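Work through the exercises below with the sequence and the structure side by side. Try each task before reading its solution.

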Amino acid sequence: MKFAVVVFVAIFGITFAAPLDSPQNAQILRQELDNIGVDGYKFAYETSDGITREEQGELRNAGTDNEAISVRGSYSFVADDGQTYTITYIADENGFQPEGAHIPRA
């Protein structure tokens, strides 16, 4: 009987010891959707586990041979080491171009 109680308490403790801000339990704190159409878009969100993301895209040179979508944005997250990392980027006809303090430069 004591063994069953110990097992029950251990399982109960493990179940409720999971942090509330784990990715499985993250809550959306802010969400914005603006200007979504054929010529561009803009969105942003933030979650309770420390993730944020903002992005906007626009159609450039519409109707020409050089028509392309240009995207600018950023995202941040809290890593396992407790530090927040932020990446800003551009994605266009020149490819994906990320920048961040922790990303080595060529």
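**Exercise 1. Decide whether Phe43 is buried or exposed.**

Solution. The model is predicted, so the value is computed from predicted coordinates. Step one: take the relative accessibility of Phe43, which is 19%. Step two: apply the cut-off, since buried means under 20%. Phe43 therefore counts as buried.

Now turn to Tyr41. Its relative accessibility is 25%. Buried needs under 20% and exposed needs over 50%, so Tyr41 counts as partly exposed.

**Exercise 2. Classify the ring pair of Tyr41 and Phe43.**

Solution. Start with the search of the whole structure, which finds five aromatic pairs. In the pair of Tyr41 and Phe43, the ring centres are 6.2 Å apart. Rings pair if their centres lie within 6.5 Å. Next, check the planes: they stand at 15°. Planes under 30 degrees apart count as stacked, so this pair is stacked.

Then classify Tyr89 and Phe96. Their ring centres lie 5.5 Å apart, and the planes are at 40°, so the pair is tilted. Compare the accessibilities of the two partners. Tyr89 is at 7% and counts as buried. Phe96 has a relative accessible area of 51% and is exposed.

**Exercise 3. Trace the pairing of S4 with S5.**

Solution. Locate the strands first: S4 spans residues 68–78 and S5 spans residues 84–92. They run antiparallel and are joined by eight bridges. Val71 has Ala91 in S5 as its bridge partner. Val78 stands opposite Thr84 in S5. Then inspect the hairpin. Five residues lie between the two strands, and Gly82 takes a positive phi near 85°.

**Exercise 4. Find how many bridges join S5 to S6, and how many residues the hairpin passes through.**

Solution. Strand S6 covers residues 95–99. Five bridges join S5 to S6, and the two run antiparallel. The hairpin from S5 to S6 passes through two residues.

Definitions and conventions
Residues numbered from 1 in each chain as written. Predicted model: local features only at pLDDT ≥ 70, side-chain atom pairs only at ≥ 80, totals over all residues. Heavy atoms only, no water. Pairing = 2+ DSSP bridges. Helix = DSSP H or I, 4+ residues; strand = E, 2+ residues; numbered from the N terminus. Phe/Tyr/Trp six-rings, centres within 6.5 Å; stacked < 30°, edge-to-face > 60°. Buried < 20%, exposed > 50% of the residue type's maximum accessible area, 1.4 Å probe, protein only.
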